[in-house]
Amino acid sequence: MEPTKKKVKKSELDEDYSQSKTSKETKLMNALNKLVEMEGLEHELKRKAFEEFEYIDDNSTTIQHEDGCDSNQAITFKIIRNENDLLTNDHFNDDHQEYKKPLEFHPVMSHQLFEEEKIIGYTNLKINIYFTKSLYCYLNITYDSKTEDATDVKRILAIDELDFQFIDMKAVPMYFPFTENLDEFKSKLTQKFLPKGEQIDVYEKDGRIFEIYRATMQQIGGFHKPLQFLSLFFIEGTSYIDEHDENWEFFLIFEKVKDEVTHEIDYIISGYASIYPFYFLKKEGEELFDGRRLRISQVLILPPFQKQGHGRKLLHAIYRYACKGYKENISVVGYNALDENKTYEPRECYEITIENPSEELHTLRTKVDIEICTPLFKGATRSINDTTGEKETYEQFRKRVKPLTKLSDTQLRTCFEVLWLKHLNENVKTTKEERNEYKLFVKKRLFHQCDLSVIENVKERKEKLEELYNEQIEEYRMYLNK
């Protein structure tokens, strides 16, 4: 995702600064001149203003291109906690003098709606899509001028059906209630909202409290629909789920906050994951039996909450649900996270998989899987003749650990290889023979996995295998470097 342009607030420059429509270059020069004239302005604010090519105020101009404007820059999402968030981008909490950052963000992608991520025919186009805490939506499209052949933004967002790429399904992107009336939207801000489903975990992060809830399709109601819509802008190949299929389940992260206006407890959606059970036939030896996979379909942590460890917490919650169920526990923040009379049984499943994970999600998932497998790892060997019991082959490891973790065979193999490498690196007595044993083990998998037998030239085949091995080790080192 390209970084969004920083905003230099007009109030910080000059309250009487002209509102006239000037060119981007003129705005930039005027802003910089004001910065030079002012004394005592924070150095960081000066630096940011000079670094950015474009001066942006509350009436900012969307970046223009000869063939249209950038749809990722034109669209702004924002979660509105109270009316203060509508007045200004930043404000102070009067009670605690605590700086409040706006829950505002732009899309990472928008090509599923706007071809080549361009919107043509507008000057100064702004598409504001705001949500209340309950995800009731306000759509506001403004511009200075529009040509006859301009892109029909509202039709694309809220009228025409979108033909999804990977499933036989069509739906209007904004297939949930929304308004274009600001007063109606404001009236929804004071409505009480409680998280959907049942609380299954609670944790503290940098002095803030977050809670994780699990909800069935019946429990979540229409709350998932705006989240599905947001996923179009952050998850490649997103498709909407069948809301009539009761098998879907959701895991939702909420930040628990105290509203600065009403002083009541509120909940702000921070991220979610959807899972779906699939039945399949599994053969173990000569025995064939029915199994169930829990497939994680979508995982989205909203941008204001990213890079804070919430994705890891969400995956752990799903794994615990699949493996152990839930019982009442004392949370890290010192109060009962769950009703002491409630116990949630483990979900019936053979293994947990993820549907077409992005590179970022695959990396996160693998790190979490390694974390889970670390205390279960004894030691590794290629030989089945180890009689000490201190080491085990991959097949022995898989047979013992899979029922405990529900991880897929592919992920278990990765964890086994990474932890074996970790053991070799940390053991000062590791011999050359032990490293060669590991190298042969990994290379054998790579040879078959990449079908290197098609390379007829022996020298070229060996060189390719060595290249693949080195790339694999670099990836494993990345997992081990926290």
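Predicted model: local features only at pLDDT ≥ 70, side-chain atom pairs only at ≥ 80, totals over all residues.
**View 1. Helix α11 against helix α15.** Helix α11 (residues 359-373) packs on helix α15 (residues 458-480) at an angle of about 70°, and their axes are 10 Å apart. That makes α11 roughly perpendicular to α15 (65 to 115 degrees). On the α11 side, the contact (heavy atoms within 4.5 Å) involves H362, T363, T366, K367 and I370, which meet E475, M478 and Y479 of α15. By class, these contact residues are three nonpolar, three polar and two charged.

View 2. With a relative accessibility of 4%, Q411 counts as buried (under 20% relative accessible area, 1.4 Å probe, protein chains only). Its side chain makes a polar contact of 2.7 Å with the side chain of D369 (N or O atoms within 3.5 Å, one able to donate a hydrogen and the other to accept it). Neighbours within four places in sequence aside, Q411 touches H362, R365, T366 and D369.

**View 3. Helix α13 against helix α15.** The axes of α13 and α15 cross at roughly 80° and come within 10 Å. The two helices, α13 and α15, are therefore roughly perpendicular. From α13, T414, E417, V418, L421 and K422 meet I473, Y476, Y479 and L480 of α15. The residues of this contact divide into six nonpolar, one polar and two charged.

Residues are numbered from 1 along each chain as its sequence is written, and side-chain values use heavy atoms, without hydrogens or water. Local features need pLDDT of at least 70, and side-chain atom pairs count only at pLDDT 80 or more, whereas totals for chains, interfaces and linings use all residues.

Methods
Axes fitted to C-alpha atoms, helices over the stretch in contact; angles between N-to-C directions. Helix = DSSP H or I, 4+ residues; strand = E, 2+ residues; numbered from the N terminus. Parallel < 35°, antiparallel > 145°, perpendicular 65-115°, else oblique. Nonpolar A, V, L, I, M, F, W, Y, C, P; charged D, E, K, R; others polar. Buried < 20%, exposed > 50% of the residue type's maximum accessible area, 1.4 Å probe, protein only.
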